[in-house]
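The sequence and structure are shown first.

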2 protein chains.
Amino acid sequence: MNIETAVATATEDLMSNAIRALAMDAVQAADSGHPGAPMGLADVATVLFNRFLNVDPKDHLWPDRDRFVMSAGHGSMLVYAINHLLGYDDMDIAQLRNFRQLGSRTAGHPEFGHAKGIETTTGPLGQGVTTAVGMALAERMHNARFGDDLVDHWTYVLAGDGCLMEGISHEAIDFAGHMGLGRLILFWDDNSITIDGSTDVSTSTNQAARFTAAGWHVEAVDGHDKEAIAAAIEAARADPRPSMIACKTIIGFGAPNKQGTAATHGAPLGAEEIAAAREVLGWPHAPFEIPSAVQDAWREVARRGGDARAAWKKRLAASPRADGFQQSLARPDTEALSAAMGNYKHRLSKDAPKVATRKASEMALEIVNGTLPNTVGGSADLTGSNNTRTSEMRPVTSGDFSGDYIHYGVREHAMAAIMNGISLHGGFVPYGGTFLVFADYCRPAIRLSALMEQPVTYVLTHDSIGLGEDGPTHQPVETIASLRAMPNLNVIRPADAVETAEAWEIAASSESTPTALCLSRQGLPTLRTRHHDANLTARGAYVLMETAAARDVTLIATGSEVELALDAAMRLAEKGIRAAVVSAPCFELFATQSPAYRLAVRGTAPRVGIEAAIRQGWEIMLERNDGFIGMTGFGASAPAPALYRHFGITTEAIIDSALKLMGRN
Amino acid sequence: MNIETAVATATEDLMSNAIRALAMDAVQAADSGHPGAPMGLADVATVLFNRFLNVDPKDHLWPDRDRFVMSAGHGSMLVYAINHLLGYDDMDIAQLRNFRQLGSRTAGHPEFGHAKGIETTTGPLGQGVTTAVGMALAERMHNARFGDDLVDHWTYVLAGDGCLMEGISHEAIDFAGHMGLGRLILFWDDNSITIDGSTDVSTSTNQAARFTAAGWHVEAVDGHDKEAIAAAIEAARADPRPSMIACKTIIGFGAPNKQGTAATHGAPLGAEEIAAAREVLGWPHAPFEIPSAVQDAWREVARRGGDARAAWKKRLAASPRADGFQQSLARPDTEALSAAMGNYKHRLSKDAPKVATRKASEMALEIVNGTLPNTVGGSADLTGSNNTRTSEMRPVTSGDFSGDYIHYGVREHAMAAIMNGISLHGGFVPYGGTFLVFADYCRPAIRLSALMEQPVTYVLTHDSIGLGEDGPTHQPVETIASLRAMPNLNVIRPADAVETAEAWEIAASSESTPTALCLSRQGLPTLRTRHHDANLTARGAYVLMETAAARDVTLIATGSEVELALDAAMRLAEKGIRAAVVSAPCFELFATQSPAYRLAVRGTAPRVGIEAAIRQGWEIMLERNDGFIGMTGFGASAPAPALYRHFGITTEAIIDSALKLMGRN
């Protein structure tokens with residue numbers, strides 16, 4: 001080690017110890033939190049930021065910044081400490097003093113949108129790793145469109161043992177290896193500790209061999225040897241494959257009596273141990289106090305990032321692709337989409353043959369993808385069944401990132417988290433497909449779409465017993481309700497091609513709400529024959545067929561069951577009973593309508609709800625004594641018409657329910 | 001190859017072709033299904049059954065039978081064909097002719113309980129692999145208790161590319177390798193095809209290296225070379241590690257124009273191609289017709305299984321452990337549990353300090369585990385937080401399977417599926433813990449617990465914003481509703497230590513319904529001071545505090561919010577308002593009560609529901625115009641008391657809601 005390196009290392013050690021001190025002190029002040037990971041990873045993070053990573057606290061959304069993801073989100077104090085030291089203006093010391101307190105930006109886990117310099121919400125393990133894969137993929141796709149001048153950044157992710165034990169990590173790692181995402185570098189916090197104690201208790205996987213098997217480049221270093229860390233990062237950046245750097249670390253490094261044990265993981269160290277750690281680390285400063293030399297060193301990192309951004313700005317100004325680049329990051333042109341979709345809806349004929357809404361979704365997607373330049377489609381190995389690939393789409397491959405269709409493989413969970421990453425990265429608007437029932441496989445990532453307010457679209461086909469022979473494992477009965485339960489998720493179950501087009505207009509225009517489209521496998525007639533100039537689906541529910549005089553009963557249905565409701569209404573009319581039919585494709589949007597509108601739609605007459613699923617969630621439409629025709633348990637394997645008869649979801653059942661409500665049976 | 005082998009192989013080839021023919025014919029008859037996998041795997045399956053696997057169609061529940069799991073459940077015709085050929089009396093040829101039809105046992109995917117010889121429900125990919133891991137673990141644990149004489153069987157699982165791409169497979173494979181489950185043999189149907197086409201489209205993982213990294217023994221064979229397959233199985237059985245046999249197969253083997261392509265995966269081959277396949281395979285027989293020589297060869301397999309069972313029966317009769325063995329497979333002694341729990345409840349004092357229901361769960365578990373000899377606990381790396389390990393429990397390790405506590409690692413999804421496997425295997429009653437919000441991570445396997453009617457218990461702690469600082473990623477707000485949506489799952493959210501004891505009695509006594517226990521992180525007072533002789537939780541909801549005269553209002557709450565309801569009722573009484581308090585720990589059990597009981601509990605006065613979660617699902621308790629105090633969106637990071645105030649879940653809010661309903665505000 002020459003003198004220059006020694007000095008650099010000495011300063012870097014202080015920079016690392018600043019992270020450690022802030023993490024100890026903030027967790028202690030909150031009497032809650034996880035000091036172990038930030039203390040263990042402080043050296044790795046310092047080297048990464050000090051020598052490699054480019055961000056600019058003055059422009060935290062600079063598009064070509066490097067992305068940093070703390071997948072082990074419980075170690076949030078690492079992020080907050082660094083962002084404070086870098087000088088983000090929304091992360092002053094008061095934020096750190098108020099770690100985990102109401103209203104502070106320093107939540108228990110890093111929350112996207114709470115503070116600058118938080119690229120994604122983490123905490124649910126494995127999500128950060130997979131979201132980072134999405135960011136790294138988006139970077140290459142954006143690069144393929146706009147070149148090295150404008151898009152040329154790295155994605156770094158810190159992951160713990162928990163992240164790598166979670167199943168989603170397998171999907172992410174395999175996908176990243178297959179796609180050859182060479183600008184993704186994952187640091188494994190190899191500290192041999194989980195909450196239950198030594199990792200020996202539950203795992204003996206050779207992680208290096210595992211990553212190698214998936215096509216990754218692997219380095220292994222002492223996670224407290226800064227030169228070794230730097231050399232490994234250099235090697236990782238030089239390798240064309242995604243890289244995993246196994247960093248052998250000591251959890252809670254610096255806490256003399258507790259380091260290396262689970263005791264540092266999820267609880268304050270205590271005043272005594274913190275004092276001892278200050279001694280060991282040579283950090284005599286008061287809690288939350290950072291000496292100016294250390295502060296200056298961290299600000300120098302920010303300055304370097306600022307210089308990089310300035311250089312990039314010059315390149316952007318000189319680039320012939322600047323306009324296209326800016327457009328790719330702007331909001332979609334919703335007016336153009338609305339106009340195109342309006343024209344398309346007018347072309348839909350009620351005399352057309354039946355069409356499944358999954359097919360109608362493909363038809364609408366032709367409009368979406370033809371109008372909006374930066375949609376990115378995909379499916380978890382069900383492309384032909386989900387109808388997610390439109391005519392002009394080309395696959396994204398490891399050799400050519402200029403495509404716009406992603407074969408996610410049989411990896412629903414990764415698909416969802418990767419879409420979150422693509423959306424967070426910017427430049428693209430992702431959608432992806434699987435069967436509705438397998439929304440369960442990606443539910444934790446759907447939840448993060450909703451929590452982070454990312455306008456990702458889930459194309460969920462085969463949406464009821466109407467899928468037929470595949471049977472109960474594949475038939476959602478509770479899935480729609482479970483998705484409706486999730487805050488900030490629009491669940492849309494269109495009844496026909498017109499509503500499907502409107503649903504896509506809503507999804508593709510959304511700014512901050514993800515959408516789950518529930519689409520039929522079976523063919524459905526076109527029922528909406530009027531009001532094509534308005535997007536009635538956007539009202540959540542609307543009167544599809546009104547009665548001439550006061551209603552005797554209102555039939556409210558969604559998706560494939562609207563056809564049954566109309567049929568029942570017609571047959572009730574033959575009996576002299578006035579039944580209105582309400583199509584209710586989206587309960588969440590209906591909930592946002594005015595009370596007067598909702599009352600007008602629901603009416604005051606008795607109601608029958610019809611949906612080939614459970615009743616839970618229908619309280620927005622129905623009174624407790626109203627009728628409901630649907631499912632009460634799991635489905636069965638048989639052709640769809642037989643199942644509808646078997647489970648009593650029929651025109652006759654609707655009529656019976658209506659008559660019963662009217663006291664006429 | 002000597003002559004004897006050649007003859008054996010020739011017969012075996014006919015045995016395999018019988019599977020192929022039945023698969024082709026049944027899918028064609030149904031005009032729906034997946035012929036590719038059964039045809040591709042016919043050789044592997046034939047060798048396995050003909051030379052190794054012991055089952056007895058005359059006693060399909062023989063405890064020491066080998067377990068066979070078709071994880072690639074879409075290839076269900078492989079199972080049905082084999083079970084027909086083996087002579088299971090509920091799988092006659094009419095069942096195969098009625099493949100995928102209403103009321104037949106031959107559902108689109110193998111459904112546990114529909115027919116003998118189906119060890120688990122498969123179809124959602126990766127579940128079978130992981131459930132098989134649970135079975136193999138249970139085998140070793142049972143063996144550790146009762147010895148080789150009584151427990152000495154193998155678990156075989158066939159998995160496709162999809163199974164191995166799913167994240168859950170990573171959790172399963174790592175866990176099995178770590179536990180050294182040497183009697184688990186996984187056949188990988190390495191056919192290089194998924195629905196979207198060649199596997200090259202989405203994966204390039206070296207599966208052999210991947211399994212090796214996880215501690216498995218790996219063999220690779222031509223999946224149509226019977227001697228090679230047999231040799232690989234021999235080698236696998238000789239190796240102490242779990243084994244993966246990579247079988248290079250041709251999907252749809254025998255269909256001359258379609259084999260090796262995705263076209264054989266999920267659609268009938270068509271009459272022409274089937275005729276051509278009959279030609280190629282040298283199978284001139286009519287559809288569903290099996291020549292007697294082939295039939296005899298398969299029956300010989302069943303006879304060998306019957307002999308093995310007879311020998312085992314003799315060993316059982318001679319064993320000093322026979323009684324204990326039989327008891328381990330019998331229903332739990334619910335009377336003893338009820339008595340013990342009754343005694344325990346009487347010891348709980350209302351004057352005791354507050355106790356979190358997660359801690360109360362541990363206290364109740366001491367009774368459960370002390371009374372029932374074959375409970376098996378565990379946690380997905382949150383043992384100390386879930387309070388799942390009671391005082392006498394010892395960990396199950398690769399070196400010692402006599403323990404009864406499983407460190408599942410950070411693998412919620414595998415934990416759930418492994419518990420399904422343990423339960424299906426028999427001999428043990430499993431429970432496992434994680435945070436409630438992470439029920440999302442294991443939801444597909446919880447769904448299978450419910451669908452297969454396995455009495456698995458999920459210990460889901462940290463059940464609301466009451467967990468505090470960890471913030472919105474860790475705070476369930478919609479999770480309880482999403483679990484209540486699932487058919488055949490009892491979701492119990494006890495209010496105090498008494499209800500928690502009752503909840504455990506229900507869970508541990510359940511025969512065919514899994515239980516999700518939602519438990520608080522924060523301390524709660526003991527509210528139930530009477531009726532300890534009855535299990536009031538089993539009624540789903542009950543009047544905890546009745547009014548002296550007719551009710552003005554009924555406050556209905558669950559879990560940690562019952563305390564608030566009681567407080568509000570007391571303060572309303574000060575205003576002269578008569579408020580009854582209902583504790584409603586389990587909506588599903590309440591739904592099974594008589595209308596009269598339900599009416600008596602709910603009352604006819606206005607109601608206020610209180611739960612620190614969303615309202616969806618409360619329609620079983622509330623009218624649409626009743627009040628509700630709970631959550632409407634995601635949580636936040638702060639100490640719990642601050643969050644309750646912030647989100648307005650307070651005594652004051654309950655009082656305001658009650659007054660408003662009574663027109664008195």
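## Helix packing and cavities

Helix α13 (residues 334-347) of chain B and helix α14 (residues 357-371) of chain B pack with their axes 9 Å apart, at an angle of about 145°. The model is predicted: local features need pLDDT of at least 70, side-chain atom pairs count only at pLDDT 80 or more, and totals for chains, interfaces and linings use all residues. Residues are numbered from 1 along each chain as its sequence is written, chains are lettered from A in the order in which they are written, and side-chain values use heavy atoms, with hydrogens and water left out.

Helices are DSSP runs of H or I with at least four residues, numbered from the N terminus. Axes are lines fitted to C-alpha atoms over the stretch in contact, and angles run from 0 to 180 degrees between N-to-C directions.

The crossing of α13(B) and α14(B) is right-handed (the near helix is turned clockwise from the far one by less than a right angle; anticlockwise is left-handed). On the α13(B) side, the contact (heavy atoms within 4.5 Å) is made by A336(B), L337(B), A340(B), M341(B), Y344(B) and R347(B). The α14(B) side supplies A360(B), M363(B), A364(B), I367(B), V368(B) and T371(B). By class, this contact has ten nonpolar, one polar and one charged residues; Ala, Val, Leu, Ile, Met, Phe, Trp, Tyr, Cys and Pro count as nonpolar, Asp, Glu, Lys and Arg as charged, and the others, Gly among them, as polar.

| Helix pair | Angle | Axis distance |
|---|---|---|
| α2(A) (36-51) and α3(A) (76-86) | about 40° | 10 Å |
| α5(A) (127-150) and α12(A) (322-329) | roughly 125° | within 11 Å |

α2(A) and α3(A) are therefore oblique to each other (angles under 35 degrees count as roughly parallel, over 145 as roughly antiparallel, 65 to 115 as roughly perpendicular and the rest as oblique). Their crossing is right-handed. P38(A), L41(A), A42(A), A45(A) and F49(A) of α2(A) meet M77(A), L78(A), I82(A) and L86(A) of α3(A), and the contact residues divide into nine nonpolar, no polar and no charged.

α5(A) passes α12(A) in a left-handed crossing.

There are eleven cavities of 30 Å³ or more. A cavity is a set of points on a 1 Å grid over the protein atoms alone where a 1.4 Å probe fits but cannot get out, and lining residues have an atom within 4 Å of a point. The largest cavity has a volume of about 110 Å³, the volume being the space filled by probe spheres set on the points. Its lining comprises 15 residues, of which H413(A), Y441(A), I168(B), H413(B) and Y441(B) lie nearest the centre.

Note on methods
Helices (H or I, at least four residues) and strands (E, at least two) are DSSP runs, numbered from the N terminus. On a 1 Å grid over the protein atoms alone, a cavity is a set of points where a 1.4 Å probe fits but cannot get out, and a pocket is an open set with protein on both sides within 12 Å along at least five of seven lines; lining residues have an atom within 4 Å of a point.
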